Each structure stands twice: as C-alpha cells, then as structure tokens.
Amino acid sequence: MTLTANRAPAKTDPATPVAKRTNPLRFVILAALLALLLIVVAPLLIIAINAVKSPADYATGGPLSLPPHLYWDGIVDFWKRVDFGQKLWNSFITSFTVAVLGVLLSVLNAYALGIGKVKGRLWFLVFFLVANLLPQEVLVYPLYFLSKEVQLYDSLISIVIIFTVIQAAFGTYLLTSVYQEFPTELLDAADVDGAGKLRTLWSVVVPVSRPTLGVLFTFFFIWTWNEFFLPLVFLVSNENQTVPVALGVLQGDRLMDVTMTSSSGLIGILPALLFFLIFQRTLTRGITAGAIK
Amino acid sequence: MILFRAGLSAGALLLATSLALAACGGSGDSSSDEGSDAKVLSLWHYEGPNSAMGIAWNKAIEEFKSSHPGVEVKFEEKSFEQIQQNAQMILNSDSAPDIMEYNKGNATAGLLSKQGLLTDLTEESGKRGWDKALNSSLQTTTKYDDDGIMGSGKTYGVPNYAEYVEVYYNKDLFKKYNLQVPTTLDEFTKVMDTFVQNKVTPLAVGGAEYPAQQILYSLALSKADRAWVDDYQLYKNKVDFKGPQLKYGADTFKQWVDKGYIAKNSAGIKAEDMGVSFTQGKFPIMISGSWWYGRFVNEIKGFEWGTFLFPGNKLHPGSSGNLWVVPEKSKAKALAYDFIDITMKPEIQALLGNNGGVPVAADASAITDPKNKELIENFNKVSSADGLAFYPDWPAPGYYDVLVAGVQGLINGSKTPDQVLTEIQKPYDENLADLGK
C-alpha cells in the first residue's frame, strides 16, 4: 500500500522529473523499501524453493540451494497422506460461516451500541475489548468442559461458535466506533420517511457501511483460516481437522521432513493468499471509509 | 512463545487437579476380555508412513485385520504436537481412541497414569510375556508409581522400539587421513586431533537443541555406573553435580571446545542443520541418536559412512521408544491387547529392524540388510549390558531448556564448567524438593 501511494503522485507530476531522478533520498527510500520487501518475502521464497526440491537434493544442497529440477512428489504425497481436499473444505466452511455470522453479529451489536446508544454502552465496549484481548490459552479449559457438556467436543460447530464470538467481539468494538460517527442526517431522513429500526438498519446503515463490512468479512475469514491453537484442541478426529492443524502432522518428535513440510506450508498458505488477493480491493478502500458520501 | 507455554502449563496444572479429582470416582476393573466383542478398534499413532515404525505398524494392522475378521480398524495418523498438548483432554472425553502411541516419561505417560487415564497393563504384560521381551532398562520407562514417576510400580505401556546415541562417522574422511575406528576415549581424542591438525572441525554439533547436552552426558557416563544413573534419573540418592561424573563431563566438553573439536558457532545450530551438514560431508563425525539412521541410509549418497558406540563407554544415552498405551476409556481393551501382542511378534520386529528402526525384541539374525544389522548389533551390545542411561533432560520438567542454555554457555565460552554445573543443579534440586525427596 505504501508503494502504490508513493508511486501514484509521482506519475501525475510531470513538472519535476529531473529533480526526482537526482534526489538521492528517493533512492535511499526505494532501497529501504526493497530491502523490507525482501525481508517479508524471503521466508515465502525459501518455502517455495524447498517445496519443489527432492529430499536428496535438500540433503546435499541444503535449504538455500536452488532445486536442479522441479519435484512435485512432496506436494502430491502430502495431499494424499492427510486427505488435504477434506481439510480445505473444513477450513473453508468454518472460515466462511464464521465470517458471515461474525459480521452479522457485529452489525447487530454495533447498531445497538453505536447508533441505538444503549445505556452503559461504554462498559459494553470495554467488555468487548477485554474479551478481545484475552489470550486463547486462558479460554481453553472452560471451553473444553463446556463443549463436552453440550456434546460439541470434536465438532466443527464448536469452532464456528467460538470464533464467531471471538471475531464478533473485535467487530463490535470496531464497528461501534464507526457507527458513532454515522451521519445523523441519514438517520433522520429515514426516520422522516417512516422507516422502523430494522428497516433503517438494512436499508440505510448496512448499505452505507458496506466497505467496512467487507473489510471485516475478509479479516474474519483469514484470521479464522489461520487459527491453529483452538482447532488443534477441539478438532480431535482427522476428518474434522482444518488446514493449519493438518500441517502439524509432519512435525515429529525429533526429526522434521523439511521438503515435505515446505510443500505442506506452500499449499496451506495458498488459499488464504488467493482469498487475500481477490478481496484486496475491498481492503484498500479503507477500514473506516464510506461513512458518508 | 514463552508466555504461551507458561499459560499452557498453568492450565495443564489446573486440569490435572480437576482430572485427578474426577479420576478418583471410577476406575473399572480390567479383566482381559473386556471389550473383546467390540467391532471397531480405533488406533492412533504419530509416525510417518515411511518411517520404520510406520511400515511395521501398517503390517501389524493388516495382520490384526486378518486374525480379527469383522473388526474394523480405524487408524488415524496424528500430529505429535496434538497428542503432546491435548492427550489429557482427549483421553478424558468420549473421543479417546482404543489404543494409541504416547510419549514415555514422567511428564507424559507418568502424568496420565497418575490421573487414572491409562489402563494398568501389568497383568496382561505378564500373561503375554511382554515383560520378558524387555530388559530392565527398557522396562524403566513402562512402569510408573502412584506419583507418576517412572522406574517402579505398575506397567502402563509397551514399547516396540528403542533408541540410543551412537557415533556416526564419515568413512571416506577417515580413510583420507588414515584413521581407524577408535575403541577407547583416548583413541577417539587422537582421531579428533588428527582432524584438527588438518584444519577439519571433527564434530558436527547442534548446540541450540538436544545434541550438545547428549555429548556432555555421554562424557559424564564414561565415569559413571548404573547406581549413578539411578540416582540421577530415578532419584535414588542425591546427586553431587560437582562429583566426578558431571564435573568430568563439563570439563572435558570445555576442553573439546578449546581444542577445536567443537566449532564455536555450533551454539546456534539446530539438530536438523547438524544432520544436514553431516549428510553434506562437511564434518567427519556426528554424535547423535539412532533416529537419524533410516534417514542417513536414504539420503547420504556422496560418501561411505558407518557407526560405532561412544568409545569406552558401557552406558549410553538412550531408552525405549514411545509406548503403546490403552486409554482407560477404551471401548475395545481386549482388542488393543491383541494388537500390542502382534507388534511384539518376531516378524513385525524384524520388519521394524529392516527399515532402519531399533526393535526391542530383536533377533539380529532375522535382520537381512547389512547396514541395519550394524545398528541393531550395536544396540544389542548396549542392551545386553543393560547400558541404556536415558537422557540428561529427563529428571525435571523444563530441564531441557536449562541444559541447552548451560551447554551453549560452554560452547561460546561465556561460562566456566563450574558455573554451568551450579546453574544446572538448581532446577534439579528444586524439582527434588517439589517431589518431597
């Protein structure tokens, strides 16, 4: 984002091309940005290199050598070994459901707190903020016993419920502050037109804040997709596991299989990456954008 | 990461108390045909399909199916991490498997046995002769007392394989400098001197993980006897960290660093990188566990290599492998016992051995592959002398990190051997105090 923001004005500014080229500061900034980019991308690159390297080439060449030929068996073997298609589906269905439900819950909460101006809303917000800051490790044991009581241990439904609540806590907090700034003109106009509370929500508030909701949706999806700890605890059976949990299968007691771990890492991160690229435009529109036109 | 662990262990403690309370209520009688009419055996382990254990156990599952027609085997390959972190929670729920692989040790199998989550196998193991197949140092890790401390009490698990630390060497490099396989520590030192004189660092060491502390422990063991190991590992008597064993270990380790046997920069090297550097032929010698063996057979292409036991030692770091345990909530206990019995059969044991594993009940003559024969013959030498001395980090929870830090201090020269010994004695003694010993 920083890169595009820097480049855009430079292009539309034809008056000072010479000064631009000679200004050494620009080179320094460019070099710094390139270095940063490299640092960010380097781990991904190393994973990609090792994912298509055969174990024998790894053993002789080490992690940084380029593979002499492309070796796809690591990826294929891993896919078959853990039944990766199933894990992808599990991850997709939980992340998607959580994202939809999480956004829905956040909107309803934030409408009440931000626009409805419920009594004591500051305390509600503090509560949501605290809920959001709680480390998951603290929640594990209570959640474990609760889910066992209601027969949801080892079930995707438990994960959907837990993460809907966790994500909605953040969503509520964020969205409430957006809705507090919501233009009263629009609300008054809706009121004059005779729209009830629900009608106002669905026909005025939600459409206007759609970009923000899109951002929340994208984040909820990716965050849930990348969750490891709680799914590891709650999804016991292999047929219920999500992608990050399945990746753990390769981490042994003392030994690790670097090439296959890289392969699994690569195919594990691809879906989230794709999703991110698809929804990237939603994100760049800004998290608080679109409050008023 | 540290916070995360701390939170986890605090939680584990909480859970442990509540589980212990719950466990007091009902521990059923375990007659040997309990659950023999079950139609499903759910079985978990976390070994890769191409590892020695994975191959042998697959075969065992097949044999089980043919001897138990009508029983469905539901096998799931688990991640080590998942079992390690969640075993308590899983075994206390209805999702518990009927039989599973689990880590040996006080903090794992010992803790679960104390909480009443594992089935007592003492009777079954006597009846089926599993106890006779295992020598006494292998049995140490299968027995846990009422406090969950290994070495005595009831049998809660059965290991199929073992592991031990030995010396891997690059035959080509030995030949290049005209060196013989050393049989005493002195000869070993001379071999390493020759390498140093020729500007070759002799030892591949991973100082950031388990390998370095195992070298120090091997050196201490060269001055130790079984009684000392029992003192150190099973808390029979108080251990003097400044006594001849550990002092010799730390001092000699320091000398090895000073003489250049161990590179200064190896303090930051991980075990994985140590293994790769050896397969690349960058170092002539690596002292580490038998778990590398199968991998080296497949991956070392550039030179000839071999193994020998740490020269002069009667005791070697090593132990039984992970255990088969039967959860108390298992619905098919009798079937689980049948399965364990199959894994102890000679043909399954031989299959394990022929694929680079170390079978516990090994008959070296049944091992056809010459490379694997060397591994198993060496193990039998250790085992027949009852020479497995376990691992240095076993005695106290969290001791692994203490030892890593201590040995790193020796490698990069920031601490003297004396300081290191004082430093590693403290948590050891604290743990003893916690146990009331």
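Which residue in E3(B) is the bridge partner of Leu43(B)? The partner is Ile99(B).

This is a predicted model, in which local features need pLDDT of at least 70 and side-chain atom pairs count only at pLDDT 80 or more, while totals for chains, interfaces and linings use all residues. Residues are numbered from 1 along each chain as its sequence is written, and chains are lettered from A and ligands numbered from 1 in the order in which they are written.

**Strand E3 of chain B**

Helices (H or I, at least four residues) and strands (E, at least two) are DSSP runs, numbered from the N terminus. Two strands pair if DSSP finds at least two bridges between them. The pairings of E3(B), residues 99-102, are tabulated here.

| Partner strand | Residues | Sense | Bridges |
|---|---|---|---|
| E1(B) | 40-45 | parallel | two |
| E12(B) | 323-325 | antiparallel | three |

On the E12(B) side, Val325(B) stands opposite Met100(B). Ile99(B) and Glu101(B) point one way from E3(B), and Met100(B) and Tyr102(B) point the other way. All four are buried; a residue is buried if 20 or more other C-beta atoms, placed from the backbone, lie within 10 Å of its own, exposed if 12 or fewer, and partly exposed in between.

**Trp292(B)**

Trp292(B) sits in the loop between strand E9 (285-289) and H14 of chain B. Trp292(B) counts as buried because it has 22 C-beta neighbours inside 10 Å. Apart from neighbours within four places in sequence, Trp292(B) is in contact with Tyr168(B) and Gly275(B), contact being C-beta atoms, placed from the backbone, within 7 Å. Gly357(B) is 65 residues from Trp292(B) in sequence, with a C-alpha to C-alpha distance of 9.7 Å.

**Interface of chains A and B**

In the interface, 29 residues of chain A are in contact with 30 residues of chain B. On the chain B side, H1 (2-25), E2 (72-77), H3 (80-91), H13 (271-279) and H14 (293-299) each supply at least two residues. H3(B) gives the most, with seven residues. By type, this side of chain B has ten nonpolar, 13 polar and seven charged residues. Ala, Val, Leu, Ile, Met, Phe, Trp, Tyr, Cys and Pro count as nonpolar, Asp, Glu, Lys and Arg as charged, and the others, Gly among them, as polar.

**Confidence in chain A**

Over residues 1-16 of chain A, pLDDT stays under 50, and the model has three contacts beyond four places in sequence for them.

How values were computed
Contact = placed C-beta atoms within 7 Å. pLDDT = per-residue confidence, 0-100.
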